[in-house]
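Let's take a walk through a protein model together, one stop at a time. Have the sequence and the 3D view ready, and please look up each residue as we come to it.

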Amino acid sequence: MPRTEFSPSITSRPVYPGLTPQGATPAIMLAEGPGAEAILDLAALDASVMDLAHLIYIPAGHDAGLRLAALGAKMYREAPSYASALERYRKALADARMGTTLYLAGSEGMIGQAVAEALAAGLPPEAIQTEHRGTIARRMQCVHCKGVTENVTIDPFLCSHCGLTLFVRDHFSRRLGAFQGVCVDAETPGIVPEVQEIKP
Amino acid sequence: MTSRLLRVSAIETLSPLVTRFRFEDPEGALLPLFSGGAHVVVEMPDAGVLRRNAYSLISDPMDGSGYEIAVRREDGGRGGSRFMHTKVALGDLMRISAPVNLFSLDLRAKKHVMIAGGIGITPFLAQLKQLARLQMPFELHYAARSRAEAAGLALLPASPQVHVHVSEEGNRMDLGAILGSQPLGTHVYTCGPEGLIEAVAETGARLGWPKTVLHSEVFMAPPPGAPFDVTLAKTGKVVTVGPHQSLLEALEQAEVEVEWMCRGGACGRCETGVHACHGTIEHHDHWLSDDERASQTKIMPCVSRFTGETLVLDL
């Protein structure tokens, strides 16, 4: 699956410029599903990026584990989900020194959460590289009840916590790593626009 | 620029070359508080020439009872520091500007690493007091040639976070070691000679530090040079800049109004448009971009000079 090209949008929507090798600096890498291909491409450009890399892979149904393991990262681990990878990822951030590069590749929800975690740990935004691969489903926060609904692919959608019908905004929260969903029928209860599939 | 007349209330020799001055309000009023890294501009009426030099405040930013500065005597300089050392006496009234901070701590940082060379220790003396209040992690590295010259020693707290590197004693500062093991969220502040600031930038780049977390302040006095003339576009008036005078000082002497703040090429306030230029502008500032410098359409009169036929300013 190639890198996702998004259409231009409002400024608060993140952009994912793709991974560029920074040489053999200390690195934390987090790949999810087809994001593995971005790491493989990165290592093909400059194999030395793996020398001091701690690579965590969340397969999410995409089987690239053997090929990633063969890249020769300093440390390689797999985790079944972002939630299960979080303890390891947090420890890696806590132990990291300034000069570390973070490479993130995968879905928008994973990238958003991982960036928020890294910024909270003090990693400068300039040290974070992102590449979007795979599903364009969004991680949405309901601005009313604050609950987060994962993997939203349609607009409007039902909040999985409070049940309101929410309009999918391009407005992104870097702190939460999620887009904002706003009640679509607040002024005209029950009158809801036709459901559409979210486009890149 | 807001300023007030303050009384010199203490003068103390810190080292053979460095003297501490304290200024207080003559009526005992409290002065505006500031933040660590702020400076004031001190006016010195010196034999017909009005000098204005910027000095970092070294006293506690939360203490409005007075402002303190430390001045290093530069005998090869233009005379401002010599004036402070030889002409200023206890009880004198001097005009001091309101504090301005162009070198403040980035409070988003999780840890602050301060690197000082020589008299570059001064802004950090105030920042240390601010950091103590904020209870934030920090370390300070102070490099000096010899213990006798290290005027900051008398003013630094005895603390395990304060590291003194005296090159004469073979204890040189190892920037690679300092920048090589800092936790995420560290910001670095460097103040001292240009060479030290460049060395920190180079070491940071080698170790993968983003530029945005490397802060610096150069202590820059207007460099002397050959005299030159400038023409003012609005009046056609010609102003001559002397060898030990800055363009800004020459304009002030000619009673031409130019806004200014830091007088050291850092803040950008005195940026002046160039109407015509036949020659070369010697840019000494840290404000204009490389493209702006090359285009010769702007000049920072506080530090920059000119060689060539004619320079016409938008004034």
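## A helix to start with

Our first stop is helix 3 of chain A, residues 82–95. At 1.5 Å a residue, its 14 residues should span 20 Å, and the end C-alpha atoms are 19 Å apart, which agrees. Keep in mind as you look that this is a predicted model. Now follow the axis of helix 3 of chain A with your eye: there is a bend of about 30° at A:Arg88.

Which residues of this helix are buried? They are A:Tyr82, A:Ala85, A:Tyr89, A:Ala92 and A:Leu93.

Let's zoom out to the annotated regions of chain A. An unreviewed UniProt entry lists residues 9–128 of chain A as "domain: Dimethylamine monooxygenase subunit DmmA-like N-terminal". This span is 36% helix and 19% strand, and its end C-alpha atoms lie 21 Å apart. For residues 139–182 of chain A, UniProt (again an unreviewed entry) gives "domain: Dimethylamine monooxygenase subunit DmmA-like C-terminal". Here the make-up is 0% helix and 61% strand, with 13 Å between the end C-alpha atoms.

Most residues other than glycine have a negative phi, and most peptide bonds are trans. A:Asn151, in strand 7 (residues 148–152) of chain A, has a positive phi of about 55° although it is not a glycine. Is A:Asn151 buried or exposed? It counts as exposed, because it has 12 C-beta neighbours inside 10 Å, and a residue with 12 or fewer falls in that class. Next, find the peptide bond that joins A:Asp155 and A:Pro156: it is cis, with omega about -5°. A:Pro156 sits in the loop between strand 8 (154–155) and strand 9 (157–158) of chain A.

Time to cross over to chain B. The contact between the two chains takes 14 residues from chain A and 13 residues from chain B. On the chain B side, six of the touching residues are nonpolar, six are polar and one is charged. Chain B is divided into domain 1 (3–101), domain 2 (111–218) and domain 3 (228–313). Between the C-alpha centres of domain 2 and domain 3 of chain B there are 33 Å.

Chain B also has a positive phi to show you: that of B:Gln135, not a glycine, is near 55°. Look for B:Gln135 in the loop between helix 2 (122–134) and strand 9 of chain B. B:Gln135 is exposed, because 6 other C-beta atoms lie within 10 Å.

Our last stop is B:Glu149, in the loop between strand 9 (138–144) and strand 10 (162–166) of chain B. With 18 other C-beta atoms within 10 Å, B:Glu149 is partly exposed. Setting aside residues up to four places away in sequence, B:Glu149 touches B:Ser15, B:Leu17 and B:Ala144. How far is B:Glu149 from B:Val303? The two are 154 residues apart in sequence and 27 Å apart in space, C-alpha to C-alpha.

Definitions and conventions
Residues numbered from 1 in each chain as written. Chains lettered and ligands numbered in written order. Predicted model: local features only at pLDDT ≥ 70, side-chain atom pairs only at ≥ 80, totals over all residues. UniProt positions renumbered as here; feature names shortened; annotations may be inferred. Helix = DSSP H or I, 4+ residues; strand = E, 2+ residues; numbered from the N terminus. Domains from an automatic or database assignment. Contact = placed C-beta atoms within 7 Å. Nonpolar A, V, L, I, M, F, W, Y, C, P; charged D, E, K, R; others polar. Expected span 1.5 Å × (residues − 1). Bend = angle between axes of the 7 residues up to and from the residue. Buried ≥ 20, exposed ≤ 12 C-beta atoms within 10 Å, placed from the backbone.
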